[in-house]
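Here's a quick briefing to read with the model open beside you. We'll go through some helix packing and then a few individual residues.

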Amino acid sequence: MSTTKPTVAFMQKIVDAFYELAGNGVGGNLHIVTDDLNVGAEQVEWCREQAQQGGDRDGVFLAKLLLQFTEAEREEICS
């Protein structure tokens, strides 16, 4: 069974749901990606590390998903 990355539309819903989690009203550990649109791989990876250090499993998961996409796709997802 092969795995494929989710669609951009699905990821937009995941980002919306992430905002609904307690403490994530402004993007939580991923705010520089989701709010400020710093969507480069380096920024997403930095946010993943911050989420991991803070015990934010959902933030780690979202960052890992976002890293599967191109920078242009990440911008579309987070816009």
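Which side chain has a polar atom 2.8 Å from the backbone nitrogen of Thr70? That side chain belongs to Glu73, a residue of helix H5. Keep in mind that this is a predicted model.

**Glu73 and its surroundings**
- Glu73 counts as partly exposed because its relative accessibility is 21%, and buried would mean under 20%.
- Setting aside neighbours within four places in sequence, Glu73 touches Lys5 and Val8.
- Val8 and Glu73 sit 65 residues apart in sequence, yet their C-alpha atoms are 7.0 Å apart in space.

**What surrounds H4**
- H4 covers residues 57–66, and its buried residues are Gly59, Val60, Leu62, Ala63, Leu65 and Leu66.

**H1 against H4**
- Helix H1 (residues 8–20) and H4 have axes that come within 11 Å and cross at roughly 160 degrees.
- That angle is over 145 degrees, so H1 runs roughly antiparallel to H4.
- The crossing of H1 past H4 is left-handed.
- On the H1 side, the contact is made by Met11, Ile14, Val15 and Phe18.
- Across from them, H4 brings Asp58, Gly59, Leu62, Leu65 and Leu66.
- Sorted by class, this contact of H1 with H4 has seven nonpolar residues, one polar and one charged.

**H3 against H4**
- H3 and H4 have axes 8 Å apart and pack at an angle of about 160 degrees.
- Here too the angle puts the pair in the antiparallel class, so H3 is roughly antiparallel to H4.
- H3 and H4 also make a left-handed crossing.
- H3 contributes Val44, Arg48, Ala51 and Gln52 to the contact, while H4 contributes Gly59, Val60, Ala63, Lys64 and Leu66.
- By class, the contact of H3 with H4 comes to five nonpolar, two polar and two charged residues.
- Gly59 and Leu66 of H4 turn up in the contact with H1 and again in the contact with H3.

- The side chain of Arg48 makes a polar contact of 2.5 Å with the side chain of Gln52.
- Leaving out neighbours within four places in sequence, Arg48 is in contact with Val60, Ala63 and Lys64.
- Val60 and Ala63 are also among the buried residues of H4.

**Asn38, out in a loop**
- Asn38 sits in the loop between H2 and H3.
- With a relative accessible area of 34%, Asn38 is partly exposed.
- Leaving aside neighbours within four places in sequence, Asn38 contacts Ile32, Val33 and Gln43.

Conventions
Residues are numbered from 1 along each chain as its sequence is written. This is a predicted model: local features need pLDDT of at least 70, side-chain atom pairs count only at pLDDT 80 or more; totals for chains, interfaces and linings use all residues. Side-chain values use heavy atoms; hydrogens and water are left out. Axes are lines fitted to C-alpha atoms, for helices over the stretch in contact, and angles run from 0 to 180 degrees between N-to-C directions. Helices (H or I, at least four residues) and strands (E, at least two) are DSSP runs, numbered from the N terminus. Angles under 35 degrees count as roughly parallel, over 145 as roughly antiparallel, 65 to 115 as roughly perpendicular and the rest as oblique. A crossing is left-handed if the near helix is turned anticlockwise from the far one by less than a right angle, and right-handed if clockwise. Contact means heavy atoms within 4.5 Å. Ala, Val, Leu, Ile, Met, Phe, Trp, Tyr, Cys and Pro count as nonpolar, Asp, Glu, Lys and Arg as charged, and the others, Gly among them, as polar. Buried means under 20% relative accessible area, exposed over 50%, partly exposed in between (1.4 Å probe, protein chains only). A polar contact is a pair of N or O atoms within 3.5 Å; within protein, one must be able to donate a hydrogen and the other to accept it, and residues adjacent in sequence count only if both atoms are side-chain atoms.
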